[in-house]
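I opened my notebook for a friendly look at how the pieces of this structure meet. Here is what I looked up, entry by entry.

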Amino acid sequence: MPHPLAGSSSEEAVGGDSTPSPDLLMARSFGDKDLILPNGGTPAGTSSPASSSSLLNRLQLDDDIDGETRDLFVTVDDPKKHVCTMETYITYRITTKSTRVEFDLPEYSVRRRYQDFDWLRSRLEESQPTHLIPPLPEKFVVKGVVDRFSEEFVETRRKALDKFLKRITDHPVLSFNEHFNVFLTAKDLNAYKKQGIALLARVGESVKHVTGGYKLRSRPLEFAAIGDYLDTFALKLGTIDRIAQRIIKEEIGAEYLVELREYGPVYSTWSALEGELAEPLEGVSACIGNCSTALEELTDDITEELLPVLREYILYSDSMKGVLKKRDQVQAEYEAKLEAVALRKEERPKVPADVEKCQDRMECFNADLKADMERWQSNKRHDFRQLLVGLADKNIQYYEKCLMAWESIIPLLQEKQEAK
Amino acid sequence: MEQAPPDPEKLLQPAPLEPLGGPGAVLVAAVGEEAEGTREDGSGVDTMTGNNFWLKKIEISVSEAEKRTGRNAVNMQETDTAYLCRDTGFSVSVEHADGQSVLTDSLWRRYSEFELLRNYLLVYYPHVVVPPLPEKRAEFVWHKLSADNMDPDFVERRRIGLENFLLRVASHPVLCRDKIFYLFLTQEGNWKETVNETGFQLKADSRLKALNATFRVKNPDKRFTELRHYSDELQSVISHLLRVRARVADRLYGVYKVHGNYGRVFSEWSAIEKEMGDGLQSAGHHMDVYASSIDDILEDEEHYADQLKEYLFYAEALRAVCRKHELMQYDLETAAQDLASKKQQCEELATGTVRTFSLKGMTTKLFGQETPEQREARIKVLEEQINEGEQQLKSKNLEGREFVKNAWADIERFKEQKNRDLKEALISYAVMQISMCKKGIQVWTNAKECFSKM
């Protein structure tokens, strides 16, 4: 099914005669392919064109984006390990519930592996070049050799993949992407993937064509500002990530815990020597034990909650930079054409149609990008507020646990004192 | 420093002393209680010694060597020039009631003089667990803290330690009546000479020699063996504790200081954010506060470490008493042995039978029998020696019993003091931890407020 936006914006704006945009290419080839689409018995809205109903849906979604009623719910859960002769991999269950007309059934459940997510993301990037595609978690963990099949790693990845799909689901344009639909519903995704390969080569060419070396005159101020912002943002998040890592895992945090674990038992050893002092010393020992348990919980919580979000946003800023670059290319193309026209026919003031179309394309790109940036900014603000408030809460809870532990031994110490 | 109002009732009492005031509030409080506890039996001891050095208030303040040079140039010449600039003097001022009037003495003491005083006390009061001096060099400190002996914080902590030492001696039921101690507090010049005149060094030297000799006590007192064992264990556990605590402090310091980096990044980040900017900026400020709060926290904890250190050194003092007891027991056993062998000799001479092979037996065989006169004379000498030995043994036995009695009384007193002090130290440690937790909660609550406004 052609993407609604591909139909409404790109296709109409650019037209069919000049350089075919990737969007257009996609849309056309999908149309051809619909007949043989092995959509596993659940062909989700394969034949419906960019109908009024889907447009309506989009409008509704736009209205609902900040409201409570959403019409598409996707969750990733139940990771399973598959051991084959050739390879070992993890698949995740993806459950989709939707009332959208594009989905024939109200509920789908499919299993996908990381590769499939990666495939989805590439398709989205190709078919929606003007949009910011959410990042996937890195293929491998950046630092250290981590067991890819460890429960901890798989769970972290599952969460990241869930987040990835939720980000797409929440997006007013991306959530209607054909590939996304297939990804959520197709029984046999591999068959579908194979059909796309020939197509891919052509798309690659067209992108190359566009990239043809033209140096951009100047980035509009607002996009230059976004670029600068992203550079600084990624830098700061990187620093925060390193600080958090230091606090939690490496060097300091872990070693503090190690020392604390040794510190408590020393009081126990001492208490074995004493008569009257035995109980207070034992109390202090137990107290330090409680504190180190609380500390361990704190670092676990921060590891689970803080780090993935930081990662996601660092990757997000890379995606964003990629989109900015693509936008620059479109602008460059337009400027090159404009210049060529100016050189050829200076006497003719009328600008050729294809240049106009190119300009339209650029403006559409700008509009899409701006909208996505705004959406991203608001998401980011929301996410970080939640994240940092959570961080503060965890720390407060940690200190409250320690406080309780220490306060509880005060009466023990004083009672003995008075009894004496 | 707060001045205690003179209490006429207390002044009239023959109580040993009433030390008050001083910066080490907790320790002073403990000392105060100590004096309270000893007052009951105080009068009895008082009349025994006849010395009534009545210290009302002790104040010690420290100042550095430079300030001292002009004041007491003669003393400075004695010190090794290499240590001249590093030498630290302590001004000891004492307020004490002499009959009706209240006198204030203020004089200079060097660390070595404190050491001399303690060594003297160790020799003259073998049955007393003599309070330890604070460490001369900083030990068991977490690395961020300066280990420099001239570091003001360290000098201040040592000053508190020395003051504590004097208060401990002053509140001790026996030590407080010592003349040399009294002079230490009141007589600046010639004090060292006075100490040396007591000849304690000689006594100490001979004792030391005996201590160094490997001696084996046949019938060790079980209580003292246990006590010695206890002091060994106490020493090892406290030093372990201090080491680990220093490491914990190091790590904790690191954790807090790394949070300071959050402060920096948040405020840098805030520069590029519109809506989130203000929240991040002020949250960053709170992180800075959090990071710097650790300095005070650990500074406070150092006092706890000092309290533990005092008992680490007390363990050594406890062991010294045990050693002295062993020495005494050894003396007693050698005397008993000596007496026994003399008695045997005497018996042999009287009966003419030689039970064991001896040189004397050989000479007898070789050179013929002694004349009866000679034998008589020798028996007489031996009998005299036996008499003497018996007297000696008796007095040694008495001395030993007296020692055990006194030593045990002091050990009991020490145990009580230890339990009370350490419990207080633990309470104050817990209170410190509580205040640290409260600070942490406060800072993070403030930060949370900033975050939630973003």
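Predicted model: local features only at pLDDT ≥ 70, side-chain atom pairs only at ≥ 80, totals over all residues.

Entry: I looked up the geometry next.

**Entry: who meets whom.** From helix 8 of chain A I listed Lys236(A), Thr239(A), Ile240(A), Ile243(A), Arg246(A) and Ile247(A). They meet Val255(B), Val258(B), Asn261(B), Tyr262(B), Val265(B), Glu268(B) and Trp269(B) in helix 11 of chain B. I sorted the residues of this helix contact into eight nonpolar, two polar and three charged.

**Entry: the chains.** I then turned to the contact between the chains, which takes 46 residues from chain A and 42 residues from chain B. On the side of chain B that touches chain A, helix 11 and helix 14 (372-452) of chain B are the elements that give two or more residues. Helix 11 of chain B gives the most, with 20 residues. By class, I read 25 nonpolar, eight polar and nine charged residues on that side of chain B.

**Entry: inside chain A.** The domain assignment gives me domain 1 (4-201) and domain 2 (224-419) of chain A. I found 18 residues of domain 1 in contact with 19 residues of domain 2. On the domain 1 side, helix 1 (4-14) and helix 5 (151-170) of chain A each give two or more residues. I noted eight nonpolar, eight polar and two charged residues on that side of domain 1.

Key: Residues numbered from 1 in each chain as written. Chains lettered and ligands numbered in written order. Contact = placed C-beta atoms within 7 Å. Helix = DSSP H or I, 4+ residues; strand = E, 2+ residues; numbered from the N terminus. Nonpolar A, V, L, I, M, F, W, Y, C, P; charged D, E, K, R; others polar. Domains from an automatic or database assignment.
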